[in-house]
Amino acid sequence: MAKVLAPLPDRDFDVTEIAVPWKKLTAAGHQVVFATEKGGSAPACDPLLLTGVIFGQLGADAEPKAFYHEMEQSPEFRSPVAWNSVQATDFGGLLLTGGHAQGMRQYLESKTLQETVAAFWTLKRPVGAICHGTIVLARTIDPATGKSVLADMGTTCLRQYMEMAAYYMTAWKRGKYYRTYDQTVEQEVRSVLYNPAAQFIGGPFALTSKGTDKDDSNAFVCQDRHYVSARWPGDAYLYAKTFRRMLPKPFKPEAAEKTLKGKRQQS
């Protein structure tokens, strides 16, 4: 079993981008440990993603919402640890989720969290980042180089056309709800890469078609060494499955006993 760290802000993170990985990892026998700035109290997702951003639309789909409500009841979610209490060596993987509402700034701008992420990155253990989660990595400095940890990595992130389309569709009702910063996620991520033209992998065009647990044809992720990135909630299932494959397989005593029994019979 791998123990996976999942930092979150106190509020406004994306429902699908954390609940789907949590469900897929825990179902496979891994443990997800949540962390917030101060720890101790359960965080809360962006509420509009549960009810719908406009006219009940543009929120999370039914299955990820069900996963989120299940996740809310888990002891790890109800009692997260604090960012500054984390020892990177205690974890076998790191998940950086996204979200675009203003509460995400606590997470995206935290120097404490960036120091934790930098310590983890040096271990070269699996790291996943989806949507705005890539901003955390873009802002995390590798102490060995003085550059962003993403500087030499292949990566994707929330595409600029996706971010701006959501903004233009909803600005009349929600204002700058979809604009966490004036600079888009893609602009910031590209700005830290040594060679953006070669390293930034945008994936196929997507605005409404999403991947599902059974069908990855409408999903996209970018994997480079120990790092996997994804663009938006529509990639969440493929992202979760890819990250899961990067982790050590959980030890199952019954499987080991079956293998030993087979070897005894052959000898």
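User: How many salt bridges does the rule give here?
Analyst: In this predicted model, the count comes to 14 salt bridges.

User: What makes K23 and E70 a salt bridge?
Analyst: The criterion is a side-chain nitrogen of Lys or Arg within 4 Å of a carboxyl oxygen of Asp or Glu. The side chains of K23 and E70 meet at 3.0 Å, N to O, so the pair qualifies under the 4 Å limit. K23 belongs to helix α1 and E70 to helix α3, so the pair ties together parts that are 47 residues apart in sequence.

User: Why is K23 called partly exposed?
Analyst: The partly exposed class lies between the buried limit, under 20%, and the exposed limit, over 50%. K23 has a relative accessible area of 22%, and is therefore partly exposed. With 39%, E70 is also partly exposed.

User: Why are α1 and α3 described as roughly perpendicular?
Analyst: The axes of helix α1 (residues 15-27) and helix α3 (residues 62-72) cross at roughly 70°. Angles of 65 to 115 degrees count as roughly perpendicular, and the two helices are therefore given that label. Their axes come within 8 Å. Among the contributors to the contact are V15 and K23 of α1, and P64 and E70 of α3. By class, the contact has 9 nonpolar, 1 polar and 3 charged residues.

User: How do you know that V15 is buried?
Analyst: Buried means under 20% relative accessible area; V15, at 0%, therefore counts as buried. V15 is found in helix α1 and touches residues including L49, P64 and Y68.

Terms used: Residues numbered from 1 in each chain as written. Predicted model: local features only at pLDDT ≥ 70, side-chain atom pairs only at ≥ 80, totals over all residues. Heavy atoms only, no water. Axes fitted to C-alpha atoms, helices over the stretch in contact; angles between N-to-C directions. Helix = DSSP H or I, 4+ residues; strand = E, 2+ residues; numbered from the N terminus. Parallel < 35°, antiparallel > 145°, perpendicular 65-115°, else oblique. Contact = heavy atoms within 4.5 Å. Nonpolar A, V, L, I, M, F, W, Y, C, P; charged D, E, K, R; others polar. Buried < 20%, exposed > 50% of the residue type's maximum accessible area, 1.4 Å probe, protein only. Lists of a residue's contacts leave out its neighbours within four places in sequence.
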